[in-house]
Amino acid sequence: MRRKDRELSRDEALKIIDECEYAVISCVDSKGEIFSLPLSIVRENMSIFIHGATSGGKCENFINGRVCKIVAVSGNSVPRLSSEFFESIKNDHTKLGKYAFTTEYKSAIATTTAHLLSDKDAKLHALRLLSQKYCAAYMSAFDAATPPEVINHMNIFEFKITELSAKAKVIKPS
């Protein structure tokens, strides 16, 4: 990592993954081309889970221990400076670049190995985790929404984290 001053801890990286709205998962496919998708993710321990159809690009690429990168971003925003502070820097290109014409963010990158889950209980557990993260208000109907025939017609993929890094930029006006 070039900017060591922005490096975050492993626990902070995991928190970014947990708090992100979505992540981008990428790998090199069997043709040597980049395959990338923005997906809803959830993490438990050192595994990240997604769901998908039983055919298509995910099924072809997110299996058999294929190495994938997962990029998660949380808290991405343009700084909101006070009028007084902005007025004090508006003619200083260095400070404008540092405080106004920039973004604050937290990002994590996980190197993973992809696996298709086959165990029905493991699939249901991962689907419950995903639902709790994204659809918490509707969990009282989770069992009705996930009868065995539904679970049988979807795939759940597990990405086992092998490496993890994270960084952040937080604007602190002087």
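User: Is N64 buried or exposed?

Analyst: N64 has a relative accessibility of 73%. A residue counts as exposed when its relative accessible area is over 50%. This is a predicted model, and in it N64 is therefore classed as exposed.

User: Where in the chain is N64 found, and what is its phi?

Analyst: N64 belongs to the loop between α2 (57-61) and β5. N64 is not a glycine, yet its phi is positive. The value is about 55°.

User: Which loop holds N45, and is N45 buried or exposed?

Analyst: N45 also has a positive phi, near 55°, without being a glycine. It is found in the loop between β3 (42-44) and β4 (47-52). With a relative accessible area of 58%, N45 passes the cut-off of over 50%, so it is exposed.

User: How many salt bridges does the whole structure have?

Analyst: Several pairs of side chains meet in this way, including R10 with D11 at 3.8 Å, N to O. Another is E87 with K90, at 3.0 Å. A search of the whole structure gives a total of 5.

User: How many residues apart are R43 and D18?

Analyst: The side chains of R43 and D18 form a salt bridge, with N to O at 2.7 Å. R43 lies in strand β3 and D18 in helix α1 (residues 10-19), and the pair links distant parts of the chain. The two are apart by 25 residues.

User: What is the relative accessibility of R43, and how is D18 classed?

Analyst: For R43 the relative accessibility is 21%, which makes it partly exposed. The limit for a buried residue is under 20%. D18 has a relative accessible area of 32%, so its class is partly exposed.

User: Which strand pairs with β6 through 12 bridges?

Analyst: Strand β6 (residues 104-116) is joined to β5 by 10 bridges, and these two run antiparallel. One of the paired positions is V67, whose partner in β6 is T113. The 12 bridges belong to another antiparallel pairing, in which β6 meets strand β7 (residues 155-169). In that pairing K106 stands opposite A168, a residue of β7.

User: How many residues are in the largest nonpolar core?

Analyst: The elements that give two or more residues to this core are α1, β1 (23-28), β2 (34-39), β4, β5, β6 and β7. Nonpolar side chains tend to be buried together in soluble globular proteins. I25, I41, I50, F62, I70 and F159 have the most contacts inside the largest core, whose residue count is 25.

Note on methods. Residues numbered from 1 in each chain as written. Predicted model: local features only at pLDDT ≥ 70, side-chain atom pairs only at ≥ 80, totals over all residues. Heavy atoms only, no water. Helix = DSSP H or I, 4+ residues; strand = E, 2+ residues; numbered from the N terminus. Buried < 20%, exposed > 50% of the residue type's maximum accessible area, 1.4 Å probe, protein only. Salt bridge = Lys/Arg side-chain N within 4 Å of Asp/Glu carboxyl O. Pairing = 2+ DSSP bridges. Core = buried A, V, L, I, M, F, W, Y, C linked by side-chain atoms within 4.5 Å.
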